Amino acid sequence: MNQYYRSGSGCGSGSCYRNTCITSGPEGTNCNREIFYISGKVIGVNGSPARRVTVNYSVDGEDGFVTTNRHGDYSISVPRCAAVSVSVDVGLGVTVSPGMYYFGGVCADSKNRNFRLHPVVPPAPVTYTVSGNVSGLASDEGVQVFYSIDGVLAIATTDVDGNYAFTADAGTTVVITPMAQTGYSVAPASYTITGLAGDTPDQDFVYTPLV
């Protein structure tokens, strides 16, 4: 939040007197003015002027808004000594800096009160590794292990040592089922992991020859 105070013209120390004016010095040029302007530009996420953006303001507690023009510019007229706040409406996926301008007592025009829009970068999804081992076959290499992540099916294949692994997003439901092998039973028949919350090893399957 930015605070703005204008010294002289009775506006010093955060106080403002509508009927008091010091006629000498640079502030004297504002002695006969009752209206001042706060203005600036809204820059879009791509660095270009942002047109048709709503700029909200409050003047002595009275709310209003203006809309930026095709150049991204806005301008607000306010009475002498008013307390003013200015902010920008943004949609989902966008943030703005600064969040607000605040003026404790306006006694001069205030230019270049600009806002910049920034895209919200979503955090990368958290993923975990699910892994296990297949054993008991004449060769444990190349065995297909079927799995689903929230119902989406996929296949992992064991390496030369019978190991397999895959990744899944945190919070998902994972179901793992080994491929049936002729002449063998397998235990367990499947694994179900509900609300995956971390790396999950030891999802092992053991094949046993049928007698």
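1. Start with Met179, which you'll find in the loop between β13 (174–178) and β14 (184–187). This is a predicted model, by the way. Met179 has a relative accessibility of 32%, so it counts as partly exposed. Together with Phe146 and Ile155, Met179 makes a nonpolar surface patch of about 240 Å².

2. While you're in that region, have a look at β14. It is joined to β16 by 4 bridges, and the two strands run antiparallel. If you want a spot to check by eye, Ser185 stands opposite Thr208 in β16.

3. Strand β16 (residues 205–209) also has a link to strand β9 (residues 127–135), this one made of 2 bridges with the strands running parallel. Here the place to look is Ser135, which stands opposite Val206 in β16.

4. Now for an open sheet of 4 strands. Its order is β3-β2-β5-β7, and the pairing is antiparallel. Which strands stand at the edges? They are β3 (62–67) and β7 (101–103); each has a single partner strand, so one side of each is left without a neighbour in the sheet. On average, neighbouring strands of this sheet are turned by 20 degrees against each other, direction ignored.

5. Zooming in on one pairing of that sheet: β5 (residues 84–88) and β7 are joined by 3 bridges and run antiparallel. Ser85 has Tyr102 in β7 as its bridge partner. As background for stepping along any of these strands, side chains in a regular strand alternate between the two faces of the sheet.

6. How many salt bridges are there? The count comes to 2. One of them is between Arg80 and Glu34, with the closest N and O atoms 3.9 Å apart; the cut-off is 4 Å, so this pair falls within it. Arg80 lies in the loop between β4 (73–79) and β5, while Glu34 is in the segment before β1 (35–43), so the pair ties together parts that are 46 residues apart in sequence. Is Arg80 buried or exposed? Arg80 counts as buried, because its relative accessibility is 1%. Glu34, at 44% relative accessibility, counts as partly exposed.

7. Lys41 and Asp73 form a salt bridge too, and here the closest N and O atoms are 2.8 Å apart. This pair links distant parts of the chain as well: Lys41 sits in strand β1 and Asp73 in strand β4, 32 residues apart. Lys41 is partly exposed, with a relative accessible area of 26%, and Asp73 is partly exposed at 28%.

8. On to the aromatics. A search of the whole structure turns up 6 aromatic pairs. One of them is Tyr101 with Phe115: the ring centres are 5.1 Å apart and the planes are at 70 degrees, so the pair is edge-to-face. Tyr101 is in strand β7 and Phe115 in strand β8 (residues 115–119), 14 residues apart, so to speak a link between distant parts of the chain. Both Tyr101 and Phe115 are buried.

9. Tyr164 and Phe166 make another pair. Their ring centres are 6.5 Å apart and their planes are at 15 degrees, so this pair is stacked. Tyr164 is buried, with a relative accessible area of 3%, and Phe166 is buried at 6%.

10. One last thing to look up: which residues form one aromatic cluster? They are Tyr74, Tyr101 and Phe115.

Key
Residues are numbered from 1 along each chain as its sequence is written. This is a predicted model: local features need pLDDT of at least 70, side-chain atom pairs count only at pLDDT 80 or more; totals for chains, interfaces and linings use all residues. Side-chain values use heavy atoms; hydrogens and water are left out. Two strands pair if DSSP finds at least two bridges between them. Axes are lines fitted to C-alpha atoms, for helices over the stretch in contact, and angles run from 0 to 180 degrees between N-to-C directions. A salt bridge is a side-chain nitrogen of Lys or Arg within 4 Å of a carboxyl oxygen of Asp or Glu. Buried means under 20% relative accessible area, exposed over 50%, partly exposed in between (1.4 Å probe, protein chains only). Patches are made of residues with over 30% relative accessible area and no salt bridge: like charges are joined within 9 Å, nonpolar side chains (Val, Leu, Ile, Met, Phe, Trp, Tyr) within 5 Å. Accessible areas come from the Shrake-Rupley method with a 1.4 Å probe; for residues, only the protein chains shown count as cover. Rings of Phe, Tyr and Trp (its six-membered ring) pair if their centres lie within 6.5 Å; planes under 30 degrees apart count as stacked, over 60 as edge-to-face and the rest as tilted.
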